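Please open the structure in a viewer and follow the stops below in order. Each stop names a selection and then describes what is found there.

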Amino acid sequence: MASNNAKPSVSPQITSIFHQASRDGRQLVERLLRQNGESLDWIDDLRQLQGRYLEKSPQKAQRDCSAGCPACCMTAQVDATPIEAIAVSEYLRAYLEPDELYAVKARLTRVTKLREAQLNAQAPQRPLACGLLGMDGKCTVYPVRPVVCSGVFSLNQNECRKAEREAKAGDFSQSIPLDNEAIQATGGISGSLQRVLVEHGLDGNLYELSSAVLVAIQIPDCLERFLNREDIFKNAICTDAHSPPRKRIVPAPKFLRRPASRPA
Ligand code: SF4
Ligand code: SF4
């Protein structure tokens, strides 16, 4: 994955990929909700759907990403839905040794405090490494990383490193050439995940990843409580509040809900 600052151009063909991925994502999330499955199943199924789109991208051969190339994880802020954060927390609890888990929790706590300080303008705006990035430069939750992490591919590794250097100096404006089709498919799937959660009265807001995983990891029955509509992410950093329980939705006035055509 890479910097949030990149602005890919969007052709009609790429827009249609976004819409198709949105439709497929909606069907999948509706089914997952009916099945009431575990969050690791959710992330597996979302990843499978996303993988089919990523395979088809005409820019696949030009991707320049490789394992242990962490500039993006050191620079970009990753936002995720509650479901994705819960899946990461379940994976950490299931697969990490106690001392590893302790170290990850400490990193997540540190990153969350620094982000809060930046948000409150008590600390300078500098890139913060993701709290889930390992000391070896690899993602500690690679199989269950959020959809956005697995859907962003740079076409030039050097540009990612340059963007990281510039961001450390306070300039976040660098753009990176990206696999556009992969981004559009990823945006479609992520967007439909948020929308369907909201339509079912669940929390479909976006949260800064480290802070959300830190919350989820401390609640063993997190998915069950989330599906029971408990507001368990109230202490995470919400980066896109577009629905309850973070944002009150004001219904449209009655006259806007009437049919557009006048009665004869
Ligand atoms: S090339 Fe860029 S986007 Fe790809 S893994 Fe490396 S830093 Fe991340
Ligand atoms: S979750 Fe993994 S891939 Fe995503 S930003 Fe964090 S370390 Fe990188």
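Begin with ligand 2: by class, its shell holds nine nonpolar residues, no polar ones and one charged residue. In this classification Ala, Val, Leu, Ile, Met, Phe, Trp, Tyr, Cys and Pro are nonpolar, Asp, Glu, Lys and Arg are charged, and the others, Gly among them, are polar. Select next the ten residues that surround ligand 2, of which Cys73, Cys130, Leu133, Cys139 and Cys149 are the closest. A residue belongs to this group if its C-beta atom, placed from the backbone, lies within 6 Å of the ligand.

This is a predicted model, in which local features need pLDDT of at least 70 and side-chain atom pairs count only at pLDDT 80 or more, while totals for chains, interfaces and linings use all residues. Residues are numbered from 1 along each chain as its sequence is written, and chains are lettered from A and ligands numbered from 1 in the order in which they are written.

Now display the whole protein chain as a cartoon. It has eleven helices and three strands, which are DSSP runs numbered from the N terminus (helices: H or I, at least four residues; strands: E, at least two). From the N terminus, the order of elements is α-α-α-β-α-α-α-α-α-β-α-α-β-α. The radius of gyration is 19 Å, close to the 18 Å that the globule rule gives for 264 residues, so the chain is as compact as a globular protein of that length. This radius is taken over C-alpha atoms, and the rule is 2.2 Å times the number of residues to the power 0.38. Along the principal axes, the C-alpha atoms fill a box of roughly 70 × 45 × 40 Å.

Colour the chain by burial: 41% of the 264 residues are buried. Buried means 20 or more other C-beta atoms within 10 Å of the residue's own, exposed 12 or fewer, and partly exposed in between, with C-beta atoms placed from the backbone.

The last stops concern the backbone. Most residues other than glycine have a negative phi, and most peptide bonds are trans.

- Select asparagine 36, in the loop between helix H1 (12–35) and helix H2 (39–56). Its phi is positive, near 55°, and the residue is exposed, with 10 other C-beta atoms within 10 Å.
- Select arginine 229, in the loop between helix H10 (222–227) and S3. Its phi is also positive, about 70°, and the residue is partly exposed, with 13 other C-beta atoms within 10 Å.
- Select proline 244 and proline 245, which are joined by a cis peptide bond with omega near 0°. Proline 245 is in the loop between strand S3 (238–240) and helix H11 (254–257).
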